[in-house]
Amino acid sequence: MFDLALTIAFVFLSLGLVLAAIRLLLGPTLPDRVVALELIASITAGFILLYAVAFERPQFIDVVIVLALTSFMTAVGFARYLERGGKRDDD
């Protein structure tokens with residue numbers, strides 16, 4: 001049963017990754033693309049965490065934490081860039 005749950009989780013994460021990649025490629029605005037990129041980073045963290053659980057590799061949890069923090073700092077930096085009048089596609 002646990003293997004089935006892991007397989008289903010991997011399938012849903014893969015589907016989410018494909019949909020986020022489509023949004024990243026199609027846009028239409030810069031904020032849409034950045035949100036899609038943040039979502040891809042979160043889904044990647046989910047993949048790594050799921051892998052760590054599935055194959056009993058707890059050292060990968062540290063990788064997930066670093067990836068999540070880096071992704072968060074990127075979002076904060078982009079928000080500050082837009083707040084200070086950075087170039088946007090939808091202006």
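Angles over 145 degrees between the N-to-C directions of two helix axes count here as roughly antiparallel. In this predicted model, α1 and α2 pack at an angle of about 160 degrees, with 9 Å between their axes, and the two helices are therefore roughly antiparallel to each other. By class, the residues of this contact comprise 21 nonpolar, three polar and three charged. The crossing in which α1 passes α2 is left-handed.

The helix α1 spans residues 2-26 and has 25 residues, reaching 36 Å from its first C-alpha to its last, close to the 36 Å expected at 1.5 Å a residue. After α1 comes Gly27, whose phi is positive, near 80 degrees. The peptide bond from Gly27 to Pro28 is cis, with omega near 10 degrees, and Pro28 itself is found in the loop between α1 and α2. As a point of reference, most residues other than glycine have a negative phi, and most peptide bonds are trans.

Helix α2, formed by residues 30-54, likewise has 25 residues, and the 36 Å from its first C-alpha to its last is close to the 36 Å expected at 1.5 Å a residue. The buried residues of α2 are Pro31, Val34, Ala36, Glu38, Ile40, Ala41, Ile43, Ala45, Leu50 and Ala52, and what covers these buried residues includes both α1 and α3. Arg33, which also lies in helix α2, is partly exposed, with a relative accessible area of 28%. The C-alpha atoms of Arg33 and Ala21, 12 residues apart along the chain, are separated by 9.2 Å.

Beyond the end of α2, the loop between α2 and α3 contains Glu56, a residue with a positive phi of about 50 degrees although it is not a glycine. Because its relative accessibility is 70%, Glu56 counts as exposed.

On the α2 side, the contact is made by Leu30, Pro31, Val34, Glu38, Ala41, Thr44, Ala45, Ile48, Leu49, Tyr51 and Ala52, while α3 contributes Phe60, Ile61, Val63, Val64, Leu67, Ser71, Phe72, Thr74, Ala75, Phe78 and Leu82. Divided by class, the residues of the contact of α2 with α3 are 18 nonpolar, three polar and one charged. Among the α2 residues in this contact are Pro31, Val34, Glu38, Ala41, Ala45 and Ala52, each of which is also listed among the buried residues of α2.

Helix α3, which comprises residues 60-83, has 24 residues and reaches 35 Å from its first C-alpha to its last, close to the 34 Å expected at 1.5 Å a residue. The buried residues of α3 are Val64, Ser71 and Phe78, and what covers them includes α2. Val64, Ser71 and Phe78 also take part in the contact with α2.

When residues up to four places away in sequence are not counted, Ser71 touches Glu38 and Ala41, both of which are buried residues of α2. Asp62, by contrast, lies in helix α3 but counts as exposed because its relative accessibility is 52%, a value that falls over the 50% limit for exposure. Asp62 and Asp32 are 30 residues apart in sequence, and their C-alpha atoms are 29 Å apart in space. After α3 comes Gly85, whose phi is positive, near 95 degrees.

Technical notes:
Residues numbered from 1 in each chain as written. Predicted model: local features only at pLDDT ≥ 70, side-chain atom pairs only at ≥ 80, totals over all residues. Heavy atoms only, no water. Helix = DSSP H or I, 4+ residues; strand = E, 2+ residues; numbered from the N terminus. Buried < 20%, exposed > 50% of the residue type's maximum accessible area, 1.4 Å probe, protein only. Contact = heavy atoms within 4.5 Å. Expected span 1.5 Å × (residues − 1). Axes fitted to C-alpha atoms, helices over the stretch in contact; angles between N-to-C directions. Parallel < 35°, antiparallel > 145°, perpendicular 65-115°, else oblique. Left-handed = near helix turned anticlockwise from the far one by under 90°. Nonpolar A, V, L, I, M, F, W, Y, C, P; charged D, E, K, R; others polar.
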